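Try each task yourself before you read the solution.

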Amino acid sequence: MTDEWVGGIVTDRNGDGPPTVEEWRLVSVPGRPRGFDGGPIAYRTNFTDPRGDETERALLELRGAYDRATVWLNGTRLGTNEPHFVPLRLEFEPQPENELIVVCERPDSFAGIYETDEVPAHFGTPGIWGDVEIESRPAVFLRRLEARPRVGASPKSQRNAGTTEEAAARATTDGANATEETAARATTDGAGATIDVALEIDAGEAVDDAVSLSLRPEGFRGGATMERVPIRADAGERTTVSKTISIKDPSLWWPRGYGPQRRYTVRAKLGGDAVERTVGLRTVERDDDGLVVNGRRVRAHGFTRLPGGDPRDDVDRAVDANATMLRARAHVPAREFYTACDEAGILVWQDLPATGIGSELPVDRGTELAAALAEEYGQHPSLAMLAVNDQPEDPFADPLGSGVFSKLAFRYRAWRTSVDHDPATEIAASIPGDLPVVPTIGAPGTGADASHLALGWQYLEAGDIDWLLETYPALGTVVGGFGTGSLATDDADPAAIPGIDPTLLERRADDADASQLEQARTLKVVAEALRRRDCGIVTASTLRDSAPGGGMGVHTVDGEPKRAAEAISRSFEPVQAVLDGPASPGTVGITLCNATHDALEPVVGWRVGDDTETERVSVGPLETTPVGTVRIPRDAERVDLEVAVNGRSVWNSYEL
């Protein structure tokens, strides 16, 4: 594909003809264009005939053109595509020299995070955000391959499995050994698995042949299969064949820390043409205690993620922070994000692109988007949960302080708030498949299915988290966001940072270092309170800033860690000792949290100044247990906790 593109604002749509653009200028593809405001944006490029000879066929594939894309070739309209996360594939008759024009437009609805001040304005500018491929294909080619895995249902009693499964679940993502093999197959209970394959063949000429269909394990030993599926079609016909591949002894895909990330590749070959898809085998359920993957309870904790940046780098940052989940907040990321999560064992909480919409949420359009989302990304094993509407209303846009009167005001605002959840609930009920669905994520008082908490930022203090969860226990069931903002540099202008209310920042800190310290403390207190209370699904706000200067992220926009990155990484350690409240002078309890499937007897130690103590404690799988108390004197500068477990020391530190 050519590297030279020009772009410009459309001044006249010209009906079915190519649009009029008064001024063209060089643009990058793929990329988010800058300096274009207002209406639709047109892209233009030229290319030569990609075919080697006239027996071949030319195919255009457009990925990630936000959000409605219309394509013209040599003055003729080829087609329109919406939404952007569904690829557009078009066959065309090329000339020796060709002109391609793509017009990108904003969506009429469901712009999601791009219509908020959480991200820079240019993030929502229409454009070709993904790749454009123009290629030559044979006369008979494989147009589309779908592979949908299905795993036999595991008995629910296996969620609290006995010693055999406990041993199996001790597998980690490091290495391939007998324990991993047992873990990978532990919950299929002999039920096996299948992959439903649908293959679309485009016959430019009559064909009477067979497709070679193969299945191979990726990176582990397992049973590979191959078979031939007959294909018959007349010239000019497009036909679809279906086949179910059975896997007698399947290996499962697990979240990181709970087992290996086993995947299978399905490959179809017809003549010289071949396509393949990689899938994973797993089941996901949700109940009042969180997620159950492959019949076993897991703890899902991590971060919300905003658009922008390299998705693989963000997944690496999540892994470094001991996360097991990322929430794609109110936008649909590129497929590379899902592939990286599949490989790393990171669960994905995927939102529809809807935020700040209450009763006006378009149900019909939302139903279409939900179906397209499930269809396009459903084969990725990392996709664990879907959500419909983010923060339809914020009763705390006018911030509250702390103290007794602020708690009374908080309760009054929560009591008087009323939100119509019916549209989101109707969309959620329409989503196909068996994935867990959360209709709404919202602030306290909105009655949302998942909570967004802003203690230490919009209202109260981080230390009020226990009061909040005792007053409103439902807020601790599923948490879709919590945290505070911080500056990346002292010379940053808080008023120019997307997602930051400068008045909230000024209430908490005067400079970058102080704001980052406050952010680290707040995240730590809230995250650890949620762990102590066995909250099964938790995502903090947010993994990375969306713009220079600062934001709600624990990393800067360039990926540099802020002080909160290390702090919450320690809070998310699978086995960790935490304080039962903010680190402040007085006596504070200590709790040991175990997010693994192992029963443990570690030694827990704590140090304040020159005073140290240790205690050996027992903690069951996925349980918490009290350890003791630590007395913090007024002149103390920090508190250090240590857990000696499985031959390593895990530290947790608190600055006073």
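**Exercise 1.** At what angle do helix 5 and helix 7 pack, and how far apart are their axes?

*Solution.* Keep in mind that you're looking at a predicted model. Step one: find helix 5 at residues 363-377 and helix 7 at residues 422-430. Step two: recall that a packed pair of helices is described by the angle between the axes and the distance between them. Here the angle is about 35° and the axes lie 9 Å apart. Step three: check the hand, and you'll see that the crossing is right-handed. Step four: pick out who touches whom. Helix 5 brings Val 363, Gly 366, Thr 367 and Ala 370 to the contact, while helix 7 brings Pro 423, Glu 426, Ile 427 and Ser 430. Sorted by class, that gives four nonpolar, three polar and one charged residues.

**Exercise 2.** Is Gln 519 buried or exposed?

*Solution.* First, locate Gln 519 in helix 10, residues 512-532. Next, take its relative accessibility, which is 0%. Buried means under 20%, so Gln 519 counts as buried.

**Exercise 3.** Where does Ser 251 sit?

*Solution.* Start with the strands: Ser 251 is in the loop between strand 17 (238-247) and strand 18 (263-270). Then check its accessible area: at a relative value of 0%, Ser 251 is buried.

Notes
Residues are numbered from 1 along each chain as its sequence is written. This is a predicted model: local features need pLDDT of at least 70, side-chain atom pairs count only at pLDDT 80 or more; totals for chains, interfaces and linings use all residues. Side-chain values use heavy atoms; hydrogens and water are left out. Helices (H or I, at least four residues) and strands (E, at least two) are DSSP runs, numbered from the N terminus. Buried means under 20% relative accessible area, exposed over 50%, partly exposed in between (1.4 Å probe, protein chains only). Axes are lines fitted to C-alpha atoms, for helices over the stretch in contact, and angles run from 0 to 180 degrees between N-to-C directions. A crossing is left-handed if the near helix is turned anticlockwise from the far one by less than a right angle, and right-handed if clockwise. Contact means heavy atoms within 4.5 Å. Ala, Val, Leu, Ile, Met, Phe, Trp, Tyr, Cys and Pro count as nonpolar, Asp, Glu, Lys and Arg as charged, and the others, Gly among them, as polar.
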